[in-house]
Amino acid sequence: MEKIASFTINHLSLQPGIYVSRKDHIGTETVTTFDLRMTSPNEEPVMNTAEVHTIEHLGATFLRNHPVYGEKTVYFGPMGCRTGFYLLLAGDYDSKDIVSLMQEMFTFIRDFSGEVPGASARDCGNYLDMNLPMANYLAGKYLKEVLTDIKPERLIYPD
């Protein structure tokens with residue numbers, strides 16, 4: 001059985017950034033999958049499920065309500081390895097095309113306070129597994145260390 005594309009990326013040299021993971025074509029439409037890598041795989045500790053879950057709720061809410069990207073958002077959710085998130089957008093994009101959107105989104109998450117959208121027993125299957133302060137912290141760290149003045153090598157997968 002062949003490895004899927006995401007398992008062919010060298011995770012030993014992968015650093016936090018915004019990467020195009022793949023582009024799929026559905027009829028005449030393109031769907032771009034982004035790898036929003038927040039931690040350095042196999043170097044840094046992975047994110048805990050509570051903060052990942054909180055970032056997922058806040059990020060999905062932000063994206064689906066965005067005036068430009070709301071209708072283009074197909075999916076936003078965590079990677080199983082808990083080192084980042086996948087964002088699927090309808091359209092043919094490069095990483096540089098969404099830097100400002102990611103800066104906007106992670107600023108929203110960093111600064112969010114109050115009730116996390118969808119964090120209730122009625123709306124979520126595991127609503128108690130949330131950690132807003134840590135989600136705020138991790139969003140701020142990603143903004144400061146990666147997204148602000150992002151370097152070109154953090155926009156294209158390493159060889």
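A salt bridge is a side-chain nitrogen of Lys or Arg within 4 Å of a carboxyl oxygen of Asp or Glu. In this predicted model, Lys141 and Glu145 form such a pair, with their closest N and O atoms 3.1 Å apart. Both sit in helix H3, four residues apart, so about one helical turn separates them. Lys141 is partly exposed, at 23% relative accessible area. Glu145 is exposed, at 52%.

**Salt bridges**

The whole structure holds ten salt bridges. The table lists some of them.

| Pair | Closest N to O distance |
|---|---|
| Lys23 and Asp92 | 2.5 Å |
| Lys141 and Glu145 | 3.1 Å |

Asp92 and Lys23 form a salt bridge. This pair links distant parts of the chain, 69 residues apart: Asp92 lies in the loop between S4 and H2, and Lys23 lies in strand S1. Asp92 is exposed, at 51% relative accessible area. Lys23 is partly exposed, at 32%.

**Helix H2**

Helix H2 covers residues 99-111. Its 13 residues reach 18 Å from first C-alpha to last, close to the 18 Å expected. Which residues of H2 are buried? They are Val99, Leu101, Met102, Met105, Phe106 and Ile109. These residues cover an arc of only 155° around the axis, so they lie on the same side of H2. They pack against strands S1, S2, S3 and S4, and against helices H1 and H3.

Terms used: Residues are numbered from 1 along each chain as its sequence is written. This is a predicted model: local features need pLDDT of at least 70, side-chain atom pairs count only at pLDDT 80 or more; totals for chains, interfaces and linings use all residues. Side-chain values use heavy atoms; hydrogens and water are left out. Helices (H or I, at least four residues) and strands (E, at least two) are DSSP runs, numbered from the N terminus. The expected span of a helix is 1.5 Å times one less than its number of residues. Buried means under 20% relative accessible area, exposed over 50%, partly exposed in between (1.4 Å probe, protein chains only). The arc is that of the directions from the helix axis to the C-beta atoms. Contact means heavy atoms within 4.5 Å.
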